[in-house]
Amino acid sequence: MYYSPTIVQMAGFHANQLALLLSLIVAGMNAVGTILGIYLIDNTGRKKLALSSLAGVIASLIMLSVAFYKQSSSTNEVYGWLAVIGLGLYIGFFSPGMGPVPWTINSEIYPEEYRGICGGMAATVCWISNLIVSESFLSIADAIGIASTFLIIAVIAVVAFLFVLLYVPETQGLTFDEVELIWKERAWGKNPNTQNLLEQGSQS
């Protein structure tokens, strides 16, 4: 979002007005996707939405990487348009899923006595990471190339996909007490007298 006009220009659309127009279209997709996410987050489940969002993000980043790699050795404008489409798809997949889902889960997964401090810590980590990415993106792109930069981000997204798949519980429809029980089951094992809420969450 920060560098969409720059990325569009890197894709070969050097006219400022055209680059701005294309970046505004991408921003519009972000707004529409966020509104869609409000509906999907309670109808598809947090975990499913995050995984589908990350799968699309990974595919879009690979598409961006391939487009910029091909463009570096070709004068064919099709690769520039492919990069812009990849950027739009990235925003389209990110905004309804990985945009709102982490913040929603972040407000649901902590025990009551730690919810304030853990929520603050998570938000701090998020914005520090945001700062690192925004400050380093152009420097890394200049150093190793824009195609390699997007490929690195795709690898990070794969790690995120695996993390969500393996460690993030589905919290849709669960109370705070039920979510707390999930963590107790993971930490100390399941009490045979209690229902396995992890299985219940996955079935829903």
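Start by selecting Lys184 and Glu180: their side chains meet in a salt bridge, 3.7 Å from N to O. This is a predicted model. Both residues lie in helix H8, residues 176–188. They sit 4 residues apart, about one turn of the helix. Color Lys184 by accessibility. Its relative accessible area is 38%, so Lys184 counts as partly exposed.

Next, look for other charged pairs. Side chains of opposite charge can pair when their charged atoms come close. A search of the whole structure finds 3 salt bridges.

Select Arg46. Its relative accessibility is 6%, which is under the 20% cut-off, so Arg46 is buried. Asp42 forms a salt bridge with Arg46, and their closest N and O atoms are 2.8 Å apart.

Where do the two partners lie? Glu108 is in the loop between helix H5 (101–106) and helix H6 (115–144), while Arg46 is in helix H3, so the pair ties together parts 62 residues apart in sequence. Glu108 is buried too, at 14% relative accessible area. Keep Asp42, Arg46 and Glu108 on screen: salt bridges with shared partners join them into one network.

Last stop: helix H2, residues 16–40. H2 has 25 residues and spans 36 Å from its first C-alpha to its last, close to the 36 Å expected. Which residues of H2 are buried? Select Ala19, Leu22, Ser23, Val26, Gly33, Gly37 and Leu40. Then show what covers these buried residues, which includes helix H1 (4–10), helix H3 (46–71) and helix H4 (78–94).

Note on methods
Residues numbered from 1 in each chain as written. Predicted model: local features only at pLDDT ≥ 70, side-chain atom pairs only at ≥ 80, totals over all residues. Heavy atoms only, no water. Helix = DSSP H or I, 4+ residues; strand = E, 2+ residues; numbered from the N terminus. Expected span 1.5 Å × (residues − 1). Buried < 20%, exposed > 50% of the residue type's maximum accessible area, 1.4 Å probe, protein only. Contact = heavy atoms within 4.5 Å. Salt bridge = Lys/Arg side-chain N within 4 Å of Asp/Glu carboxyl O.
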